Amino acid sequence: MDLATVLLLHKSSFIVGAICFFYVRWRSGSTPGLGVLALGFSLMAIASTLAGLDESLHMSSDARTFWSFSLGANGYGLMAVGLFGLSRRQNSLRDWWPLLLPIVLTLSATITPWYLNNGLRASVFNGSATILLALSSFVIARDFFHERLTARLGLSASIWVATSLSALVVVGFIFPDDAPLPPRYAFFLLIICHFAVALFVLVLVQERAEEKLIRLANTDMLTGIPNRQHFFNSLPKVLGAGDAFILIDIDFFKRVNDMYGHDKGDVVLINVARIAQSVPPSCVFGRLGGEEFSLFLRGQTPSSAFALAERIREAVNAVSLVFEGNAVSLVFEGNQVTPSVSAGVALWEAGLTEQNVQKRADQALYFAKNKGRNRVELFSSIGLTSGSLSPELRSARAG
């Protein structure tokens, strides 16, 4: 393949990437890193264009060479900055330090024209690209442990391949007789990597958008905890020994809404949810609706499940909410609004289905309400069977 065609493909890889990044950033609002990535790819496209032009540009060969080198090196620097921001999902001034290397190289080239040596210029340019690409790939791979999206692996791998190819170009110019891959072949493969980097950046943005939609669909918007759909979808298909359900209901919640307004009732819900959520990570927790929450636990005994429900009840009862005008303060003393909860606990037994165990927990909760509220009841301790409740117990649930 002739040099003109290779340069055309090289330029095209950056133009396509820049257009895609600008478009996705425009559609997605202000996704961190995409704008800088688009700018970096644009600079590299201009640099590649300058490298392929002749004297018809009305620019001296030396000036064209300088600007091609300078714009390309700083384009790689901006590419690293953009990938840092994209990976960390935030724009921060501290991520701009990768630009120091290309800026220093540009300044040194203005002092002495070492860039006019083709072999030296190519080695320095690709050496700088190798360092910046390696740093970018490291950051993206490291952040995978904080955001486990598969697109990160593809993006990191693409950049690592580009890093290796840039290093091979350097080796090819320094040791032309011993290079494992001629620079022109490594350069051509590098073009493919540029397309791959642009592709996986777009896939990463798409995966994030999908993950956000799933998270919103599974989250209760008021309290920020998992909603009813997520709770039931997270339950195991088959229950076994030690599996337990805990149903929690806020006592006299309607009175809070009637006395203080629904906005203050929301504050109570949020704080109770926060306290009830402080359970072992292995628990499945969610808001079933209204003022009712549910927990599912594995490996429990009647005493341990009861103790956990009791700890939640005590923690809620130790909180007081003081409403002062439109402001709300949370204190641990006082009697303005002290929420309390009732809870019902039930464990799986042989022959029971998931619905049976939940029904038992619900019956225990009815019983706790009937016994005065602000208490925990274990199904096996209240002398009930899996049959229906009495009308008195059913009426007690209203508060």
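1. A residue is called buried under 20% relative accessible area, exposed over 50%, and partly exposed in between. That is the scale for what follows. Note that this is a predicted model. Take R89 as a worked case: its relative accessible area is 45%, so R89 is partly exposed.

2. R89 has a charged partner. E147 forms a salt bridge with R89, and the closest N and O atoms are 3.5 Å apart. This pair links distant parts of the chain, 58 residues apart. E147 sits in the loop between helix 5 and helix 6 (150-174), while R89 sits in the loop between helix 3 and helix 4. E147 has a relative accessibility of 3%, so E147 counts as buried.

3. E147 has a further partner, R208. Here the closest N and O atoms of the salt bridge are 2.8 Å apart. R208 belongs to helix 7 (residues 183-217), 61 residues from E147 in the chain. Both R208 and E147 are buried.

4. Now look at a salt bridge within one helix. D258 pairs with K254, with 2.9 Å between the closest N and O atoms. Both lie in helix 9 (residues 253-260); they are 4 residues apart, so about one helical turn separates them. D258 is exposed because its relative accessibility is 54%. K254 is exposed too, with a relative accessible area of 59%. Elsewhere, salt bridges that share partners join R89, E147, R152 and R208 into one network. The total count is 15 salt bridges.

5. Next, the aromatic rings. The whole structure holds 14 aromatic pairs. One of them joins F69 and W114: the ring centres are 5.3 Å apart and the planes stand at 85°, so the pair is edge-to-face. F69 is in helix 3 (residues 61-88), and W114 is in the loop between helix 4 (100-111) and helix 5 (118-142), so the pair ties together parts 45 residues apart in sequence. F69 counts as buried at 3% relative accessibility. W114 also counts as buried, at 16%. Ring pairs link F69, Y76, W114 and F125 into a cluster.

6. Some rings have an arginine over the face. R88 lies over F84, at 5.4 Å from the ring centre. R184 lies over Y185, at 4.7 Å from the ring centre.

7. How many disulfides are there? The count comes to 0. C20 is partly exposed, with a relative accessible area of 25%. C193 is buried, at 8%.

8. D243 deserves a look. D243 is placed in the loop between helix 8 (228-233) and strand 1 (244-250). Is D243 buried or exposed? D243 is buried, with a relative accessible area of 3%. The D243 side chain makes a polar contact with the side chain of R298, at 2.9 Å. Beyond neighbours within four places in sequence, D243 is in contact with several residues, including V238, F296, G299 and W348.

9. Finally, N317. N317 is in helix 11 (residues 302-317) and counts as partly exposed, at 31% relative accessibility. The C-alpha atoms of N317 and P339 are separated by 5.9 Å, although the two residues are 22 residues apart along the chain. Leaving aside neighbours within four places in sequence, N317 is in contact with T338, P339, S340 and N374.

Terms used: Residues numbered from 1 in each chain as written. Predicted model: local features only at pLDDT ≥ 70, side-chain atom pairs only at ≥ 80, totals over all residues. Heavy atoms only, no water. Disulfide = S-S within 2.5 Å. Buried < 20%, exposed > 50% of the residue type's maximum accessible area, 1.4 Å probe, protein only. Helix = DSSP H or I, 4+ residues; strand = E, 2+ residues; numbered from the N terminus. Polar contact = N/O pair within 3.5 Å; in protein donor to acceptor, adjacent residues only side chain to side chain. Contact = heavy atoms within 4.5 Å. Phe/Tyr/Trp six-rings, centres within 6.5 Å; stacked < 30°, edge-to-face > 60°. Lys NZ or Arg CZ within 6 Å of the ring centre and 35° of its normal. Salt bridge = Lys/Arg side-chain N within 4 Å of Asp/Glu carboxyl O.
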